[in-house]
Amino acid sequence: MAENEGKVKLLGCRASPFSRRVEMALKLKGIPYEYLEEGLPNKSPLLLELNPIHKKVPVLVHNDKILPESHLILEYIDQTWSNNPILPQDPYEKAMARFWAKFIDEQILTVGFRSLVRAEKGREAAIEEAREKFAFLEKEVTRKNFFGGKTIGFVDMVAGSIIPFCLARLWEGMRIDVIPEDEFPELNRWIKNLKDIESMRECIPHREKQIEHMMKVSERYKLT
Ligand SMILES: N[C@@H](CCC(=O)N[C@@H](CS)C(=O)NCC(=O)O)C(=O)O
């Protein structure tokens, strides 16, 4: 059997940005897959069996191969199905795509979520901190359709799943605009470009449900 043949299954959670980005990659490449929804925080025996170390979604199953961790899954998908490339070919650009993806997961997600929900130093200081981080992304996407250039790529999937389709819903629930159009015109333009792509639109979680979910998570988070 060729590398890119056979069955693909995805264990995910609708509200999880990490699962959303894997669906983005599968849809962009036109790979048929079976989707299994995990009802977090209750974990199925299958998830515990497939990802015993982290016990998290997403997990991709391709024939007999089991793969956790969204960045690794995106790379695996890209290398296994060569149409519509996700990562750049150039070694420097590829390394930098990984750099930005790591920055988004490690820093944007934390300032956009934790610092605003907990706001230990106050709401204004938290918003300021988040905007300082967003300024790096604003610069990076300037004069480009996407972080990946003319077409959508690795960083767009990582950033897209986190910013407009996850954090922005939390901020909507909190009634704050962390990336106002006048201060971040390029990021706002990028969000519009992203929503224009059908395979991306198909991955956007239901707005009201996502806002409700993010507000519930933030309430729980305040207590931990
Ligand atoms: N680094 C992981 C993060 C995955 C992750 O945090 N998944 C969350 C859902 S958004 C999860 O499964 N949480 C369950 C838990 O933490 O117990 C990735 O990129 O795939």
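Mentor: We'll go through a helix, some strands and then the pockets.

Trainee: Anything to know before we start?
Mentor: It's a predicted model, where local features need pLDDT of at least 70, side-chain atom pairs count only at pLDDT 80 or more, and totals for chains, interfaces and linings use all residues. Residues are numbered from 1 along each chain as its sequence is written, and side-chain values use heavy atoms, with hydrogens and water left out.

Trainee: Okay, how many residues does helix 1 have?
Mentor: Helix 1 has 13 residues, 17–29. Helices here are DSSP runs of H or I with at least four residues, strands are runs of E with at least two, and both are numbered from the N terminus.

Trainee: Is helix 1 largely enclosed or exposed?
Mentor: Largely enclosed by the rest of the structure, because 11 of its 13 residues are buried. Buried means under 20% relative accessible area, with a 1.4 Å probe and protein chains only. Among the buried ones are Pro 17, Arg 20 and Leu 28.

Trainee: What follows helix 1?
Mentor: Gly 30, and its phi is positive, near 70°.

Trainee: Switching to strands: which way do the residues of strand 3 point?
Mentor: Val 59 and Val 61 point one way, Leu 60 and His 62 the other, and all are buried.

Trainee: And what does strand 3 pair with?
Mentor: Strand 1 (residues 8–12), in the antiparallel sense over four bridges, and strand 4 (residues 65–68), also antiparallel over four bridges. Two strands count as paired if DSSP finds at least two bridges between them. Leu 60 stands opposite Leu 10 and also opposite Leu 67 in strand 4.

Trainee: What's in the turn between strand 3 and strand 4?
Mentor: The two strands form a hairpin with two residues between them, and Asn 63 in the turn has a positive phi of about 55°.

Trainee: Now pockets. What volume does the largest pocket have?
Mentor: About 1500 Å³. A pocket is found on a 1 Å grid over the protein atoms alone, as an open set of points where a 1.4 Å probe fits, with protein on both sides within 12 Å along at least five of seven lines; lining residues have an atom within 4 Å of a point. Grid points are joined across faces, edges and corners, and the volume is the space filled by probe spheres set on them.

Trainee: Which helix gives the most to its lining?
Mentor: Helix 9, with nine residues. Helix 1 supplies at least two.

Technical notes: The expected span of a helix is 1.5 Å times one less than its number of residues. Buried means under 20% relative accessible area, exposed over 50%, partly exposed in between (1.4 Å probe, protein chains only).
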